Amino acid sequence: MTYIPAETLAAEAKKTWAEVSAKKEPLKPKDRMAIPAQEMPSQDPAIRRSNMEEVALGYSAEEARLEALRCLQCTTAPCIAGCPVSINIPGFIQAIADGDNKKAIDILKESSLLPAVCGRVCPQETQCQAPCTVGKALKSVDKAVSIGRLERYVADWERENGLMEIPAIKPNTGKKVGIIGTGPAGLTVAADIRREGHDVTLFEAFHKPGGVMVYGIPEFRLPKAIVQKEIDTLTAMGCELKTNFVIGRTRKISDLLGEDGFDALFIGTGAGLPRFMNIEGENLVGVYSANEYLTRSNLMRAYDKERAATPVFDSERVAVLGGGNVAMDAARTAVRLGAKEVYLIYRRTEVEMPARVEEVAHAKEEGVIFHFLQNPKRILSDERGWVRGIECLRYELGEPDASGRRRPVEIKGSEFEIELDTVIVAIGNDSNPLIRQTTPGLETNKWGNIIVDENGKSSIERIYAGGDIVLGAATVILAMGEGRKAAAAMNKMLANS
Ligand SMILES: Cc1cc2nc3c(=O)[nH]c(=O)nc-3n(C[C@H](O)[C@H](O)[C@H](O)COP(=O)(O)OP(=O)(O)OC[C@H]3O[C@@H](n4cnc5c(N)ncnc54)[C@H](O)[C@@H]3O)c2cc1C
């Protein structure tokens with residue numbers, strides 16, 4: 001991926017739009033296929049390395065309409081099958097092509113509560129864009145219609161033009177629903193339940209709502225103001241929000257269902273418990289979990305040194321261990337916090353890396369140095385108990401494992417050292433055990449995820465769950481989809497009780 005300045009892309013789109021819109025006849029499939037895929041304008045890598053502002057700048061009106069015109073409107077619509085919440089993708093894209101953004105956002109909102117978020121962070125290349133007919137015909141998923149960018153375009157259009165509406169609420173039913181956790185799962189359930197006229201209270205352990213969208217995913221990928229707008233809508237709908245409120249400590253589930261008088265509960269507490277490597281030196285000063293590092297930077301704004309609610313050590317040489325989106329976010333944050341060198345250490349090759357291709361490309365553009373087929377054996381200490389480096393082993397790929405990816409096999413005697421002052425462990429998250437430990441009868445699986453039926457109902461009557469606490473660390477759109485399903489079942493249960 002080569003960086004092209006936003007002005008160059010905009011000028012090119014204006015020229016192409018003039019040609020395309022001058023055509024008298026309706027566009028034929030071959031004309032649509034001839035329209036160049038519209039690149040997403042982005043901040044110059046040399047500049048964005050030292051700011052927290054959003055990297056991707058969003059389409060202009062011409063870029064969006066051209067991209068929308070690339071859609072062949074196939075009757076089979078394989079893209080819909082690729083979307084976890086079955087958005088009417090050809091429908092909203094046609095509306096953009098027609099210049100009817102209002103219709104486009106209405107179609108999107110039939111299925112998705114958070115289009116501005118999903119348009120930015122969904123892994124479209126493995127979901128809706130993977131089966132796109134245009135991408136298949138052009139033999140590259142990169143050339144598929146950019147469904148996510150179009151979703152973002154139209155959601156931003158609505159917000160920036162002050163057109164977001166407060167959904168209508170049915171008359172008060174007198175029923176009370178508690179929602180634990182304010183990530184995408186909890187927020188979705190809150191909106192769907194409140195619309196039916198039930199009282200909704202959201203409980204959040206942190207001082208700010210939004211879940212990973214606020215404490216994990218950095219500002220440069222998902223501006224916090226966008227998530228806040230969704231939360232403002234919920235409070236305007238009459239949902240009550242209680243922050244700094246840890247269920248399992250401040251109140252237990254049994255208190256909520258008992259003396260607090262809640263008729264139903266939804267648990268959407270996510271997967272916020274970081275995994276560690278269990279190697280020597282992991283408790284040295286200068287070792288962070290990616291969760292801690294990102295929470296300090298995002299939620300507590302450590303990057304804003306004058307006003308930060310928490311300090312963060314001024315690292316010079318940082319290693320991030322892992323190869324997923326979380327690892328990319330941590331590495332790119334370290335760059336922005338001023339580290340001179342940031343290494344990403346992954347024990348397989350780039351092909352097996354679970355991170356989104358776009359995030360990897362952005363990390364490379366920003367100067368993150370990738371070390372493939374390497375893994376730390378131990379973290380090295382200086383005389384004060386601070387990190388001074390890591391000892392790594394080199395790996396090669398063996399036979400595929402249960403996940404289908406080729407297994408990394410260590411090369412004996414290949415140890416070498418890297419000098420560092422900071423290590424960030426980003427090898428995955430598990431679910432937080434607090435609610436499980438304080439709620440007798442709540443069934444969980446061996447990973448601690450809550451077991452639910454096909455409607456999101458747990459082993460306890462009137463308690464539902466969804467999102468990462470059920471699925472294990474997954475995605476925003478899946479959490480939202482789970483939330484929708486559970487909310488529908490909860491509304492039905494409340495209507496009949
Ligand atoms: C750094 C990072 C980057 C990611 N990038 C992407 C991406 O690009 N695209 C994508 O689709 N997905 C991404 N994900 C995954 C995605 O964010 C999650 O799958 C999604 O947020 C899960 O939503 P959720 O509502 O289940 O939980 P969460 O978003 O985790 O929210 C759970 C909330 O519950 C609160 N909570 C926990 N326990 C309690 C308690 N006992 N009492 C009260 N509140 C509690 C937590 O504080 C949190 O606010 C990323 C995850 C991380 C960590």
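1. In this predicted model, the shell around the ligand contains 32 residues, and those that come nearest are Val-121, Glu-204, Arg-221, Ile-247 and Asp-468. Sorted by class, the shell has 18 nonpolar, 10 polar and 4 charged residues.

2. Several secondary-structure elements contribute to this shell. Helix H11 (184-195), helix H16 (325-336) and helix H20 each supply at least two of its residues.

3. A backbone N or O atom of Ala-185 is 2.9 Å from a ligand oxygen atom, and a backbone N or O atom of Val-476 is 3.0 Å from an oxygen atom of the ligand.

4. Helix H7 deserves a separate comment. Within this helix, which spans residues 101-111, the residues Asn-101, Ala-104, Ile-105, Ile-107, Leu-108 and Ser-111 are buried. They lie on the same side of H7, because they cover an arc of only 160 degrees around the axis. The general principle is that an α-helix has 3.6 residues a turn, so residues three or four places apart point the same way.

5. Which helices do the buried residues of H7 pack against? They pack against helix H6 (89-97), helix H8 (115-121), helix H10 (147-160) and helix H20 (476-495).

Note on methods: Residues are numbered from 1 along each chain as its sequence is written. This is a predicted model: local features need pLDDT of at least 70, side-chain atom pairs count only at pLDDT 80 or more; totals for chains, interfaces and linings use all residues. Side-chain values use heavy atoms; hydrogens and water are left out. Buried means under 20% relative accessible area, exposed over 50%, partly exposed in between (1.4 Å probe, protein chains only). Helices (H or I, at least four residues) and strands (E, at least two) are DSSP runs, numbered from the N terminus. The arc is that of the directions from the helix axis to the C-beta atoms. Contact means heavy atoms within 4.5 Å. A residue is near a molecule or strand if one of its heavy atoms lies within 4 Å of it. A polar contact is a pair of N or O atoms within 3.5 Å; within protein, one must be able to donate a hydrogen and the other to accept it, and residues adjacent in sequence count only if both atoms are side-chain atoms. Ala, Val, Leu, Ile, Met, Phe, Trp, Tyr, Cys and Pro count as nonpolar, Asp, Glu, Lys and Arg as charged, and the others, Gly among them, as polar.
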